Amino acid sequence: MTKTLILCDCSGSQAIDAEAISETCGTPVSKVFTALCTDQINDAAAAIQAGDAMICCAQEAQLFDSLSSELGVPAPATLDLRDRASWSDDPASKLPKMSALIAEAGLPAQPSKTIEVVSDGSCLIIGPPDVAIPAAEALAEHLAVTLLLAPGSEAPVTRDYDVIRGQLRRAQGSLGQFSVVIDALEQRVLGGRGPIQFTAPRDGGRSDCDIIIDLTGNTPLFPAPEKREGYLHADPKHPPAISSVILAASHLIGTFEKPLYIKSEPLLCAHSRASQSGCSRCLDVCPTGAITPNGDHVTIDPMICAGCGACSSLCPSGAISYDAPPVDLTFRRVQTLARAYLEAGGSAPSLLVVNDHGSEMIRLAARFGRGLPAHVIPLELAALAAFGHAEMVAAQAAGFAQVNIQLAPGADRQVIAYEAALATALGASVVLLDSDDPDAMADALYAATPPAPVATPVRPMGTRRQIARQAATALNSPNETLTLPAGAPYGAVVVNTDDCTLCLSCVSLCPSGALGDNPDLPQLRFQEDACLQCGICASTCPEQAITLEPQMNLNPSALDQAVLHEEEPFGCVECGALFGVKSTIEKITEKLAGNHAMFANPGAARMIQMCDTCRVNAQYHAKDNPFEGGKRPRPRTTEDYLSKRRDH
């Protein structure tokens, strides 16, 4: 880390040993200030103007950003040492924890990937007249409003916004690109005296809009409606909720940047092969419906994706991975925290994984309660569900004694619970904290008795599968085979050798290459480390001879191909070349020879026992063979043409 740490003890409310921090972190530090945000603001300005400063106060980040704007220099990085480390009733030294947080803050930031979303402010409001009309009137000055009323409803006499009648059949899309289909659509007829007139109703009317406000009180138009940007749903009987969506809608006009949460590599996807269904883990858990099948793989609509991260944790092949921030950065953050803590003299640290909700609980616990124990190191992530079993076992292998995950509203608890169970089966110690009380969270962390950490930490690199395997190897006895929960992305393929005919259809469709054959012998080979447990082989097998067994074999033999089934090859009765499976050729001969019209005579039946080359030769030289054509016609010559002319 090359930045200079600007330290502040926040009016003397925390103890900071500047010299010790500089020694353990190997970075220059300032003197310990007392009030950088008030009386010593000039010192903060000087540090910001000097550049390469990291101010150890995240609470006043906005103030320092404004100050840097006035100075015309880039905003400084900020780091929270107070709430996450110093404000704690734990008498143990906070130096190892501070060193870990400083080391993590020094990791290079990854640039975020975004896509522009343009909203011109066209807004569709649906709901009963008594709530939808006031909402339309409130937004008419800000947005281009279209009010959709039920058929037969009395329409307001106004030109401030458009009014239509009909029944919304379908809606799809997100902010800036909604598409709706309306049945029994009646459009207002302009002009005339008396009540407003409408056109004759027609079905299948289509239109586009940027924002949808749903005040019907019915089932939301979209799954996980709170995560569908541009779709605002409120209870028509709850005026504060209606006011809230009206206020939110008034701000949804302009150009916005939407993060690209997910990176996909379709070629790695094991969704299906040759119309045989396989892995559907991401499809089953996506709360917004952003993931849909697309042939042999799945496709993700980035405009609908809400970035929960569940698909990244569950994807067995790495075809889908979280990218905001990237998965490899999360691994580096975890490993950096553990390494820096241990190198600074700490022992048996625990990791506390939180999102912004959990970070607020930490701040409240620090200000008004006991704060965090000195050995508990917080890690804030944008999406809790993106912290899957691979990250959990990697944290344990890196030196953490325990991984704690503070659940939060809106997090996919089912996915997190499954990933925690899988990580536990792989040897990790994972605790899910489920309380909205900051004091209860702190009390649980103080009362916990984590197991002893791994004696020799390992910090592997690679894909999530590779890291999970190496971490599990470090946490368990060598050569052990771990039994995993159903649906785990690791495991073995079990073949019933009595039923298997070595047709090798499973080999041709295996998306990861875990199943293979031998070009010289009738063999079915298997490499357990590569198996995704997608199930395509089981659904493809015509004999139903394949079953899946979730497990992780830590023996190095799992990295090699093993023979699951093999049989004696059959030798061609003509040339002796080996082809096919002896038992299969004998069964076919027994069933067809003399029993089928095509193999009624001994010569035709004998062809079953020939290799491809000999079979073609035998057919070619046989009487009435299918390759024999009629007599070739004589070529026509010039003489033939001239002989038919009358002038010759």
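Predicted model: local features only at pLDDT ≥ 70, side-chain atom pairs only at ≥ 80, totals over all residues.
Contact here means heavy atoms within 4.5 Å. Residues are numbered from 1 along each chain as its sequence is written, and side-chain values use heavy atoms, with hydrogens and water left out.

**The chain as a whole**

- The protein chain carries 21 helices and 32 strands; helices (H or I, at least four residues) and strands (E, at least two) are DSSP runs, numbered from the N terminus.
- Its radius of gyration is 35 Å, well over the 26 Å that the globule rule gives for 648 residues, so the chain is more spread out than a compact globule. That radius is taken over C-alpha atoms, and the rule is 2.2 Å times the number of residues to the power 0.38.
- Along the principal axes, the C-alpha atoms fill a box of roughly 115 × 90 × 55 Å.
- Of the contacts with a separation of 6 or more, 66% are between residues 24 or more positions apart.
- Buried residues make up 47% of the 648 in the chain. Buried means under 20% relative accessible area, exposed means over 50%, and partly exposed is in between (1.4 Å probe, protein chains only).

**Surface and charge**

- The accessible surface comes to about 31600 Å², and 51% of that belongs to carbon and sulfur atoms. Areas come from the Shrake-Rupley method with a 1.4 Å probe; for residues, only the protein chains shown count as cover.
- There are 47 positive and 73 negative side chains, with the centres of the two sets 10 Å apart. Lys and Arg count as positive and Asp and Glu as negative, while His and the chain ends are not counted. Each charge is placed at NZ of Lys, CZ of Arg, CG of Asp or CD of Glu.

**Nonpolar cores**

- A nonpolar core is a set of buried Ala, Val, Leu, Ile, Met, Phe, Trp, Tyr and Cys residues joined through side-chain atoms within 4.5 Å.
- The largest one has 81 residues, and Ile320, Leu351, Phe387 and Ile405 have the most contacts inside it.
- Apart from that core lies another, of 30 residues, among them Val145, Leu215, Leu232 and Ala234.
- Leu351 touches Val334, Leu337, Ile377, Leu379, Phe387, Ala395, Phe400, Gln402, Val403 and Asn404, not counting residues up to four places away in sequence.

- Helix H12 (residues 389-398) is mostly covered, with 10 of its 10 residues buried. Among them are His389, Glu391 and Gln396.
- Just after H12, Gly399 takes a positive phi of about 130 degrees.
- Pro457 sits in the loop between helix H14 (438-447) and H15, and touches Leu342, Ala397, Ala398 and Gly399, leaving out residues up to four places away in sequence.
- Pro457 counts as partly exposed because its relative accessibility is 29%.

- A cis peptide bond joins Ala324 and Pro325, with omega about 10 degrees. Pro325 is in the loop between strand S20 (320-322) and helix H10 (327-343).
- Ser275 has phi near 65 degrees, a positive value in a residue other than glycine. Its loop runs between strand S16 (272-273) and strand S17 (276-277), and Ser275 is exposed, with a relative accessible area of 74%.
- Asn479 also has a positive phi, near 65 degrees. Asn479 lies in the loop between helix H15 (464-475) and strand S25 (481-483), and counts as partly exposed at 48% relative accessibility.

- Leu67 is part of helix H3 (residues 61-71) and counts as buried because its relative accessibility is 12%.
- Beyond its neighbours within four places in sequence, Leu67 is in contact with Ile41, Ala44, Ala45 and Ile48. Leu67 and Ile48 are 19 residues apart along the chain, with 8.5 Å between their C-alpha atoms.
- Lys3 is in the segment before strand S1 (4-8) and is partly exposed, with a relative accessible area of 29%.
- Lys3 and Asp640 are 637 residues apart in sequence and 98 Å apart in space, C-alpha to C-alpha.
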